[in-house]
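Hello,

Here is the structure I said I would pass on. My notes follow below it.

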Amino acid sequence: MAEAHPVGFQWVMEAKKRGAKVFHVDPRFTRTSALADTYLPIRAGTDIALLGGVVRYILENELDFREYVLAYTNAASIVSERFVDTEDLDGLFSGYQPETASYDQTSWQYEGQERNGGEDTAKERDSAAGLRHESHGMPVPGQPPQDETLQHPRCVYQILKRHFSRYTPEMVERVCGVPKEKFLELARAWTENSGRERTGALVYSVGWTQHSVGVQYIRTGAIIQTLLGNIGRPGGGILALRGHASIQGSTDIPTLFNLLPGYLPMPHHADHVTFDDWVDSISQPGKKGFWGNSRAFAASLLKAYWGDAATPENDFCYGYMPRMTGDHGTYQQVLNMIDGKIKGYFLLGQNPAVGSAHGRAQRLGMANLDWLVVRDLFMIESATFWKNGPEVETGEIVPQECRTEVFFLPAASHVEKEGTFTQTQRLLQWREKALDPPGDARSELWFFYHLGRRLREKLAGSTHPRDRALLDLAWDYPTHGPLVEPSAEAVLREINGYDTVTNRPLAGFTEARDDGSTAIGCWIYSGVYADDVNQAARRRSRHEQDWVAAEWGWAWPANRRTLYNRASADPQGRPWSERKKYVWWDPEAGEWTGYDVPDFEKTKPPTYRPPDGASGPEAIAGDDPFIMQSDGKAWLYVPSGVLDGPMPTHYEPAESPLRNPMYGQQANPTRKVYPHPVNRINPSPPEAHSGVFPYVFTVSRLTEHHTAGGMSRNVRPLAELQPEMFVEVSPELAAEVGLSHLGWAHMVSGRAVIEAKVLVTDRLTPLRVDGRIIHQLWLPYHFGSEGLVTGDSANDLFGITLDPNVLIQESKVGTCDVRPGRRPTGPALLDMVADYQRRAGLTVEHRTPLATTDAAGERGEDA
Amino acid sequence: MPDANSLYGPLDPAPDAGWADAPPRMGFFTDTSVCIGCKACEVACKEWNDVPASGLDLLGMSYDNTGALTANSWRHVAFIEQPRPAGHRTPPFAGNPTDGPVSAAAAAVAAGTGNDTGTDPGVPPGDPAAAARMAAGPEFLGMPGAQPPGRGTGAAERTDFRWLMMSNVCKHCTHAACLDVCPTGALFRTEFGTVVVQEDICNGCGYCISACPYGVIDQRKGDGRAWKCTLCYDRLGAGQTPACAQACPTESIMYGELDELRERAAARVATLHERGVPEARLYGHDPDDGVGGDGAFFLLLDEPEVYGLPPDPVVTTRDLPRMWRRAGLAALTMAAAAVAAFVGGSS
Amino acid sequence: MGLRTFIQGWPVYRQLTGTDPLGRGAAAQSARSAELTARTETADSMARSVCPYCAVGCGQKVYVSDGRVTQIEGDPDSPISRGRLCPKGSASKSLVTSPLRQTTVRYRRPYATEWEDLDLDTALDMIADRVLAAREETWEDVDDEGRPLNRTLGISSLGGATLDNEENYLIKKLFTAMGALQIENQARI
């Protein structure tokens, strides 16, 4: 955190000053470790084993915050007797289908609800359906049977206990390389600092998400924080530190293939043929929770898109919507580019030649397009691959034979346009424009508004049905100034939503209607323009308001700063403790009150119980704080919605030098794989030849650089602070391989070979894992061939394997070989990679087995 | 003859330099125990003061690629990797299968690296043996690369480790030799008690460079003039905080009235001692030290040498009054002799 | 400047007649030093902004004089950052004023070995033509069971995490209307 989010880290230092204990878990000792109370070196890719150890420690010692757990979680719910755990299936759950490498989830359901989970989870994987749950859980029908004593062998609490019983301190040590005593120090401190009077916070970043089991890493963290009562309370939570100025915003208002604004799903050709199919799949009529209103959100979005053309009679132009048929994600796209299926590509402030996994595949894909539009501040590697890329040197890309037509369009910087960023805690902050962009530089707002205008002009008069969606589009934004810049405030106002009759901006999403009387660009952002005021532009000084600072910017939803803050009060609505009071029920006033905007219906009393047969928000009881979950509870066990299991399980990374010490199942059996000649995955046990790539490597950021380097390697005062690509190794690895400090080394994987200067440092350590010594090395991933400082790109080493829930790639751990000296150049470089592929058995036909246990064939009794 | 105290001992320097109604003396207190080594100070300083480029070399001195305070780097963050216990409750590498430490060896190799900073003398070439001592590890005897680091040192496994970071800056001494030797009046004492080189006056004579007991002052090549931290004199005049202190994410760099900072520093040392960090100590805070106390002082977690700071700096002009007395005496003697000769001659 | 003022401004005069007989302080202050003030005080305008690097969302103040950014520093009012910035945020002025920034359209013809110049308006028009052509060439009306698809898989896009919400909104809206599904950004990576 001190490395990549230094200014956020001031709050950790603030907490430390007040006596907080800081634990840092990382494969290498970083600037964060230097300030932590305790540092735990860990083998990259084993966090579920570590966290699972903490879950076991809590459950075995009954250290959970029992009142919180009983009232606010699904711990007491009883699960179907058809469910079979990884304990009994050697690392698989019941329902595994080897043909599709996915689960039939019917056996995972609560008792009596087994008809619920029969979705085609392979299809959900392809559309990254899990991302939808960024704002809410899957629906569940009715109330499952409960055992408030938590003694029933099939209640969630007991199932969890059995599932994690294997994650002993000894096992943690064996899998993660974290010595047992250190693990216990962490488990003790975490549990001692949680409960009624105290809370603990968990902070993670892409070190958790970029794994083939990434979603389950975070799930394990969520289980711990829920068991300990650290959710929805001040000083608690699970804090995702995101790495781009508006990456949260670009998920909420998604430039993502599978989502529409506000986490509405992009329609699927088979499941969402009609408007009703689509809307009902979201709201699930008759089921509980706030998604009951989704018909209004969906209709209002289409109304914002197609304006007057969208009417209740024509299902708000739903027929115009494009449909998904499967995986259309960025990595599938890149492989399709290589295969010649894609004509044109826009790059908007992103540099995949350096920043995405498997840089070579990225560049080869771009070299096989008809046209490419790059919009950036600087001449980045993704714009010059045809000229300066590593493949030009190896002869794989010959400029005179590369047909890709490239348009480089300079972009406006953040001070040359106005608009909002949504930062990591869902806070929208409006930026004022300081000056006009230079020369031809323009904002994306300008570019896309005028591109759209031109497309519509060119299509004017078209009678093609396919062109109606463009021609009927509501695309008349006011513009201003000599550059004819569209008004960002007008767009924000549309995002907020308005009454289509009076044009009045809506006060919030509760005003959304499904009859065409409201248009809302992104329902979760509704309220950002309440009272016709740009709430995101509010800048009341922190000196002039309380510590929650509700009048600085605007947070979704409804300006709530802490989600699920109803959980900061006990079931009766009283603060759990005076020290930790945040939001509570005021019986006199008959409403919820506190420091923050209550994340609960304002006047629903704690004693409210839903009538029989209630659905939608009405079905949420007065003591159910997790209102976006269909049952108002936090889920320790997830009966559906997570594709790789109802509970997290330690799997080895897709590339590992070790056989999984915990189960016969080696790696995530449902991970998304792309067999393709360009994408050779290094062998892992039980496959042969894993010894060809004996070392574990991981990559991350340096404080001094930013992601793929465009915004730092071109900026002199940053470039000089970290002027060269390097690799960090322990003295022990340096001795084993013969590397010297400030000398050269080259790293080889089944995809690429890259070189770097060597920093031999005590900050890295070998680990003793399952009786073996495992060496790890670390690389920054910021470098490329353009800019003031250049170097080989670490991400070139990675192959493409994705998490099944969200299709994020495993680019925080891989295997490689390390050799002293510089890498070969030209065709000799390709020969070296080919030689490694030959030695590792990575032929074009090679397929990594997904199920590595015989239990896969048994498939549970229900299947 | 000036008051000897103007050149040595405790003093409030601004009034002494003729600033009637001077505001309180302002300075920096840099608490290295909360420094995260982010280098925001280096960048913020360069941005505000338009400080030019200082070279693009990987120095291998941990994460320090700046190397030293130069005319083109007015803040410099030092990084020291040490196989020594820190505030960690459990040694960072306890229980890991580690061999001997390498910090000293790496520091020794790094000491051989140079960096063209575009300034003179710039980053001085290091001494490998000194570097090894600096990192407080075992003496490094082999040539770089001749012996793989971490092998053959005879040391047991490494368990303790700490990573020290410290943002260094001009000390704005109470008795600033640079200022005292400046023949043009380019270096002057401001009303805030700080020491500033005036770029419109400096003629590049370089006397200040050898006068500085900390090795802070340096000349810019091509330009020839001396440049260093001004404690953002222009910002101070507008009532603003210096750029580095304003940016510092963890308040490692604190700016304020020197008296108040000294109180804060004393309290911080006491707190750290209570929390089991006995090695915490102040550096440059003492008005009775060899430079009369620094306007920019530090809380360190090790001996000053470890951070590349002189252990006991003394203002190089301390002996000036005594020298002046002797010189005066000699002149008087000479004059007397001349008079005697003249008188004698005439008799 | 009269002779009298000139003499009174002469450091030696000030040294000999003032409170600074050693000439190390007040007497040595140059005219330039005496007139120094923070350029933020005299800036033509100041915009309240947000750091463009990571997602912490630190407040920035952007100062402009004579049509150029002269300083970007932390906004002390921000409850998130309290006026502080990391090295990247602190380098924001160098980012937006970097001499390496591209300010004109560059065009690489198929099979060319060098860039050439291109007018912005022409570029936009060419891109619009190419979008329509790619869409035409790869359009899918219905799947093999006759259910609507309304899409093209011939166009891709990557980026958004560094852009404004309003920009992402227009991109998603336009691409959806174009039938171009394949939009992605860093959130997937």
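**Chain A as a whole**

Of the 863 residues of chain A, 66% count as buried. Please keep in mind that this is a predicted model.

For overall dimensions, the C-alpha trace of chain A spans about 75 × 70 × 55 Å along its principal axes. The radius of gyration of chain A is 27 Å, which agrees with the value near 29 Å that a compact globule of 863 residues would have. In secondary structure, chain A holds 25 helices and 30 strands. If you look at contacts in chain A between residues at least 6 apart in sequence, 70% of them join residues at least 24 apart.

**Domains of chain A**

Chain A is divided into domain 1 (1-40), domain 2 (330-418 + 435-466) and domain 3 (672-840).

**Helix H6 of chain A**

One local feature that I looked at is helix H6 of chain A, which runs over residues 156-163. Which residues of H6 are buried? They are A:Val156, A:Tyr157, A:Ile159, A:Leu160 and A:His163. These residues lie on the same side of H6(A), because they cover an arc of only 165° around the axis. What do the buried residues of H6(A) pack against? Their partner is helix H3 (47-60) of chain A.

**Contact between chains A and B**

The contact between the two chains takes 53 residues from chain A and 50 residues from chain B. On the chain B side, helix H2 (40-49), helix H3 (103-111) and strand E4 (162-169) each supply at least two residues. H2(B) gives the largest share of that side, 5 residues. By class, the side of chain B that touches chain A divides into 25 nonpolar, 15 polar and 10 charged residues.

The size of an interface is often given as the accessible area lost when the parts come together. The figures above are instead residue counts, 50 from chain B and 53 from chain A.

Regards

Key
Residues are numbered from 1 along each chain as its sequence is written. Chains are lettered from A and ligands numbered from 1 in the order in which they are written. This is a predicted model: local features need pLDDT of at least 70, side-chain atom pairs count only at pLDDT 80 or more; totals for chains, interfaces and linings use all residues. A residue is buried if 20 or more other C-beta atoms lie within 10 Å of its own, exposed if 12 or fewer, and partly exposed in between; C-beta atoms are placed from the backbone. Helices (H or I, at least four residues) and strands (E, at least two) are DSSP runs, numbered from the N terminus. The arc is that of the directions from the helix axis to the C-beta atoms. Two residues are in contact if their C-beta atoms, placed from the backbone, lie within 7 Å. Ala, Val, Leu, Ile, Met, Phe, Trp, Tyr, Cys and Pro count as nonpolar, Asp, Glu, Lys and Arg as charged, and the others, Gly among them, as polar. The radius of gyration is taken over C-alpha atoms; the globule rule is 2.2 Å times the number of residues to the power 0.38. Domain bounds come from an automatic or database domain assignment.
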